[in-house]
Amino acid sequence: MIRFEQVTKRYPDGTTAVDGLSFEVAEGELVTLVGPSGCGKTTTMKMVNRLVEPTEGRILLGGEDVAAVDPVRLRRTIGYVIQQVGLFPHRTVLDNTATVPALLGWKKAKARERAAELLDLVGLDPAVHGHRYPEQLSGGQRQRVGVARALAADPPVLLMDEPFGAVDPVVRERLQTEFLNLQATVRKTVLLVTHDLEEAVRLGDRIAVYGQGRIEQFDTPATVLGAPATPYVADFVGADRGLKRLAVTPVTETDLEPAGAGAADGTANGPDGAAAGPGGAVPALALGGSLKEALALLLQHDAGRIAVHAPGDPSRVLGSLTTAGVHRALRRARPELSSR
Ligand code: ADP
Ligand code: MG
C-alpha cells in the first residue's frame, strides 16, 4: 500500500535525513517507525504526503507515485495526526472534526453527522464535547479529536507522528489501547512514528528500528526483541528485552502439551479466557494470548500449568502450557536458537 524505493532526503543545508530507504507497508498493516530523535522518522513520514519532497527515489501509494499526485488532493486522502494536534482554536470540536469532509465539499449537515459519528468512535460524546472549543478539553481529549479528524473522510492511509507524545503516561496508555481497538475495526494502513520503544512494540504489526537515516531492522516486534539484527538494535531495545518480548509473543499450539489426565477440566470461563477454572484448579487462557498473560497466570496459581483453549470457546481446551512451553515459545522468536 505504501512503498518506499531507495528514498534519500538531503535538506538544503546538506543534512542527509534519510539515506536510501526501502520498505513496504501492506494494506491494513500498522507499521511503527522508532528510533532516537533526529534519525529521520518525521522526514520519512512527511514525504508520504509531500510536506517534504525526496531528493532521490520514489514513494508509491497504492501503486501510484505520489510525486505525480497533486499535493492538496493527496493530503485529503491521507489522515494526518501530529503531536501538537493542530486543532483550529476558534472552531468547535465538531467543526474541527468535520474539516476534511467540508473541504471535500460535503453538505454541512452530512459533514457534521459524520463528525459526530467519529467523535463517538474515539470515545467523546458529541452532545457534550462537540460544541466545546479545543482549549476547553484535556490533552487526552484533544488527542482523540485529532484522531477523529484524521479519520473523518475515511482515508485508507493514516500517518501519525508521535500521536500520543504530549500526554502523561496513564492517559497515553489508555489512548494506545483505544487506538488498538479502533484500528481492529477500521483497519487503516498506518505509519506511526514514535521515539518510545514500548509504544512501538505495543502498537506495531511490524516495527522499523531507525539508526541515523537508515532502517537497521524491519520486522515483527517479537523478532526485533528476540533477534536484534545488529548490535545497534540490541542496544536500542535494551537489556530487558526478554521481558518486553513476553508481551508481544503469542501462545501458539506448538507451545502446548496434550491436556492429559487432570491437566484441564475443560470448563474454563471468563470473557477473555484469563480466569481460573471452577474449583480454582487450573487457570485458563485463550490461544493467542500473550506469554506475559500466561506467565502471570502461572506465577499466580500453583498448578504448574495453565489450560489453553480455543479463542472465543473456553469449553474447547487445546492443551496445557507449562513454564517449559513459555521457554520454547521464547526460543521460537529467535531463529538462531530454534534452528539448533
Ligand atoms: P526525527 O523525526 O527522527 O526526530 P527528523 O526527520 O525530524 O528526525 O530529522 C532528521 C534530520 O534532518 C535531523 O538531523 C534534523 O535536524 C534534520 N532536519 C529536519 N528537518 C530539516 C529541515 N527542514 N532542514 C534541515 N534539516 C532538517
Ligand atoms: Mg520527529
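This is a predicted model: local features need pLDDT of at least 70, side-chain atom pairs count only at pLDDT 80 or more; totals for chains, interfaces and linings use all residues.
1. Overall make-up. The protein chain contains 15 helices and 13 strands. Its C-alpha trace spans about 65 × 50 × 35 Å along the principal axes. Of the 340 residues in the chain, 47% are buried.

2. Contacts and surface. Among contacts in the protein chain with a separation of 6 or more, 63% are between residues 24 or more positions apart.

3. The shell of ligand 1. Which residues are around ligand 1? They are Tyr11, Asp13, Thr15, Ala17, Pro36, Ser37, Gly38, Cys39, Gly40, Lys41, Thr42 and Thr43. Sorted by class, the shell has four nonpolar, six polar and two charged residues. Helix α1, residues 41-48, gives the largest share of the shell, with three residues.

4. An oxygen atom of ligand 1 is 2.6 Å from a backbone N or O atom of glycine 38. For cysteine 39, a backbone N or O atom is 3.2 Å from an oxygen atom of the ligand. Tyrosine 11 takes part through its side chain, where an N or O atom is 3.4 Å from a nitrogen atom of ligand 1. Taken alone, ligand 1 exposes 560 Å², and the protein buries 61% of that.

5. Helix α13 covers residues 291-300, and its buried residues are Leu291, Ala294, Leu297 and Leu298. These residues lie on the same side of α13 because they cover an arc of only 125° around the axis. An α-helix has 3.6 residues a turn, so residues three or four places apart point the same way. The exposed residues Lys292, Leu299 and Gln300 are carried on the face of α13 turned away from its buried side.

6. Glutamine 141. This residue lies in helix α7, residues 139-151. Is glutamine 141 buried or exposed? Glutamine 141 counts as buried because its relative accessibility is 18%, and the cut-off for buried is under 20%. A polar atom of its side chain is 2.9 Å from the backbone nitrogen of serine 138. If neighbours within four places in sequence are left aside, glutamine 141 is in contact with Leu124 and His129.

7. Valine 193. Strand β8, residues 189-194, holds valine 193. Valine 193 has 0% relative accessibility and therefore counts as buried. Which residues is valine 193 in contact with, leaving aside its neighbours within four places in sequence? They are Leu33, Lys41, Met45, Met160, Asp161, Glu162 and Pro163. Lys41 also belongs to the residues around ligand 1.

8. Valine 193 and glycine 35. Valine 193 and glycine 35 are 158 residues apart along the chain. In the model, their C-alpha atoms are separated by 8.7 Å.

How values were computed
Residues are numbered from 1 along each chain as its sequence is written. Chains are lettered from A and ligands numbered from 1 in the order in which they are written. Side-chain values use heavy atoms; hydrogens and water are left out. A residue is near a molecule or strand if one of its heavy atoms lies within 4 Å of it. A polar contact is a pair of N or O atoms within 3.5 Å; within protein, one must be able to donate a hydrogen and the other to accept it, and residues adjacent in sequence count only if both atoms are side-chain atoms. Accessible areas come from the Shrake-Rupley method with a 1.4 Å probe; for residues, only the protein chains shown count as cover. Helices (H or I, at least four residues) and strands (E, at least two) are DSSP runs, numbered from the N terminus. Ala, Val, Leu, Ile, Met, Phe, Trp, Tyr, Cys and Pro count as nonpolar, Asp, Glu, Lys and Arg as charged, and the others, Gly among them, as polar. Buried means under 20% relative accessible area, exposed over 50%, partly exposed in between (1.4 Å probe, protein chains only). The arc is that of the directions from the helix axis to the C-beta atoms. Contact means heavy atoms within 4.5 Å.
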